[in-house]
Amino acid sequence: MKKHTAQECHHHRSLDTTQSLNMLYTCPMHPEIQKQGPGACPICGMALEPINNTKNMEDDSEYRDMLHRFWVAIIFSVPLFILNMGMHFSSQQWLQAFTHNIYFNWLQFILATPVVAWCGWPFFDRGWHSLVSKSLNMFTLIALGVGTAYVYSIVVTLIPHILVALLGNTITLDVYYEPAAIITVLVLVGQILELKARSQTNKSIQQLLDLTPSTATLIYDDHSEKEVLISEIKVGDLIRIRPGDKIPVDGIVINGSSAINESMMTGEAMPNEKDVGAFVIAGTLNGTGSFIMKATKVGADTLLSQIVDMVSKAQRTKAHIQKLADQVASYFVPIVILVAVLTFVLWTIFGPEPRIGYAILTSVAVLIIACPCALGLATPMSIMVGTGRGAREGVLIKNAEALETLAKVNALVLDKTGTLTEGKPSLVDIISTSKEYSKKMLLQLAASLEQGSEHPLAAAVLQSAKSQAISLQECGDFQSITGKGVIGTVTEIVVALGNSKLMDSLNIDITSVEQDIAKYKALGQTIMFIALNNTFSGYLIVADKIKPDALQVISEFKKRGIKVFMLTGDNSQTAHAIATQVGITEVEAEVLPQNKFKYVQALQDKGFIVAMAGDGINDAPALTQANVGVAMGNGADIAMESAGIILVHGNLTAILRAIRLSSDTIRNIKQNLFFAFIYNIVLVPVAAGILYPVFGWLLSPVIASVAMAFSSVSVILNALRLKKAG
């Protein structure tokens, strides 16, 4: 493995950062906002996403910056929190004496200032831009609440005599440093989670980009050859593909033949035979053959680049929960400001002396108490407990949006290979047409021959022999014939194993079993003919087995009113055979990756809330476009990164568990939001002094802290109930 020096690493990071600064970024919720380099949306404050992703582009500077701010905030906030909670609830005399000391406010000031002024600075910046752009959002509320609490506390700390002169000695002057710091920490956690999710998305796109090789062997007009960068290849260029090479661009085979593993694009386990005139796809893996191809699509026009673009665009469309929060904030912020102004005016006109002092105290309390501190725990706690329960049940949930949407799904789109089926060929039966050789003998000969092959069909034969503890013999004179099969000598018997083309080339007659073969092919099964000493002796039936729970799960979905669709890149005959066996009537076969994406879009246009389940790279755009993507845990990394739900064991029963978990968790979140909002709804009027005329009560930091703690405890206890649900 090549090692890089610190200077080289710094150089690479500098290139990545420079590249990202020159890229165009946009907002997921406001696509009209576009700017060069990363940053925040001036309308909603969300982190901007790159419009186009390029190979080797990864800039996590914003994530690292927020993480740095978070740890600094933790260092200063934890002692501040402990001291304040001790002051309110501890009976220790030394702690009470310490926290009531005249210098305790100065200690709180020292601890809170780095948290609010530096760690929370990005939120003040976004809050300011929201005011300038007249687009009030959650950052407006956060900046207003935290800023008011901090500034008021500074005034109490630095010039308490002025407030005493205004308020008189009857009112206790308390500070709000701790709520300001804790709110900042909670908001930083939310930002880190958002940026981490974006980083994972970029990594998944990077994995797609890395499928293509960086160089290719270009053939010039004078027949000379040279290894060049992919970026130098143009449409019409001739490229030599050797055994084991990755296909560099889309093109057509013009000379030679090979079997190409296209599973990363089509999801199908069987390699596809490619002869002259066949289309080959960038990023797929060549087998043992060699050929020359003509480039037909390069750069951004290749199928792989189109998939990257679709994944990237679909990722940027998802921000519904944040959008809802901002819509609430757009109404809540002006209402709070109006209440604060009204409170100031009413106390100035009708309040007791000193009126201006009471007006300042109550209006500031309204602004402080309205800051969504308890809301910071409501959703994360339910998600944390819900995802923990899901992990125990084999269901990994990546975000709250996926949980929210899954409970509303009324259309489920399933890939065939790896979702309804096992995703790999298995030997299901052996038919012997010779009295001389039994099934077991045919399997021993076939497996002995195939032990020198890397073909997936060979793996199925070898696995079957291994499961039956059949000993293998040595094979001599082995030869692999591209597109046909293999031939070799085992225990002095010449064994030929392959398709009908191989039998034809050896002049071996297989017409006696044609009717039986048609029956197996109708079920989507693959046939391998075996000839011994140039005599047809039988055939092996290989199939991608249907998962044992598929039929029952499909039936359960129908009972729940969820319409099931099968979408596959496999041939129509195989697709319909599998669909019939599991009870699916809506089937679309031979579908290219971009058409899977469009199929999901078409269902959404008809009003369906779509869940898409798949496991291949070809499924990634559709998984991302779907309202919620469900990836099988044994699938491609890009599929798992593109999905919101991952099924660890890759069985369909887990989707049902995920739907139940979704309903339970969303119900729990709504309950938590109630506990969080009730805090604001009740305490804002109290902060405004609504109880003063009757009881003579004004809100103090002690009451606010107790209410905040009670609200947080309620949220935590309610979320923990979810752990035992279901």
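This is a predicted model: local features need pLDDT of at least 70, side-chain atom pairs count only at pLDDT 80 or more; totals for chains, interfaces and linings use all residues.
Okay, let's start with helix 25. It has 36 residues, so at 1.5 Å a residue it should span 52 Å, and its end C-alpha atoms sit 53 Å apart, which agrees.

Now the inside. The largest nonpolar core has 52 residues, and Phe123, Leu188, Val366 and Ile369 are the ones with the most contacts inside it. Helix 25 is one of the elements giving two or more residues to that core, and the others include helix 2, helix 8 and helix 11. There's another core, apart from that one, with 39 residues, among them Ile383, Val553, Ala658 and Ile669.

Take Leu346, which lies in helix 11: its relative accessible area is 40%, so it's partly exposed.

Next, the strands. Is strand 4 mostly enclosed or open? Four of its five residues, 215–219, are buried, so the rest of the structure largely encloses it. On one pairing, strand 4 runs antiparallel to strand 5, residues 225–229, over five bridges, with Thr215 opposite Leu229. Those two strands make a hairpin with five residues between them, and His223 in the turn has a positive phi of about 75 degrees. Strand 4 also pairs with strand 6, residues 238–241, again antiparallel, over three bridges. There, Leu218 has Ile239 as its bridge partner.

Last topic, salt bridges. The whole structure has seven. In one of them, Arg69 meets Asp65 at 2.9 Å, N to O. They're four residues apart in helix 2, so about one helical turn separates them. Arg69 counts as buried, at 10% relative accessibility, while Asp65 is partly exposed at 30%.

One more pair: Lys439 and Asp429 meet at 3.4 Å, N to O. That links helix 16 to strand 14, so parts 10 residues apart in sequence are tied together. And finally, shared partners join Glu225, Arg240 and Arg242 into one salt-bridge network.

Notes:
Residues are numbered from 1 along each chain as its sequence is written. Side-chain values use heavy atoms; hydrogens and water are left out. A nonpolar core is a set of buried Ala, Val, Leu, Ile, Met, Phe, Trp, Tyr and Cys residues joined through side-chain atoms within 4.5 Å. Buried means under 20% relative accessible area, exposed over 50%, partly exposed in between (1.4 Å probe, protein chains only). The expected span of a helix is 1.5 Å times one less than its number of residues. Two strands pair if DSSP finds at least two bridges between them. A salt bridge is a side-chain nitrogen of Lys or Arg within 4 Å of a carboxyl oxygen of Asp or Glu.
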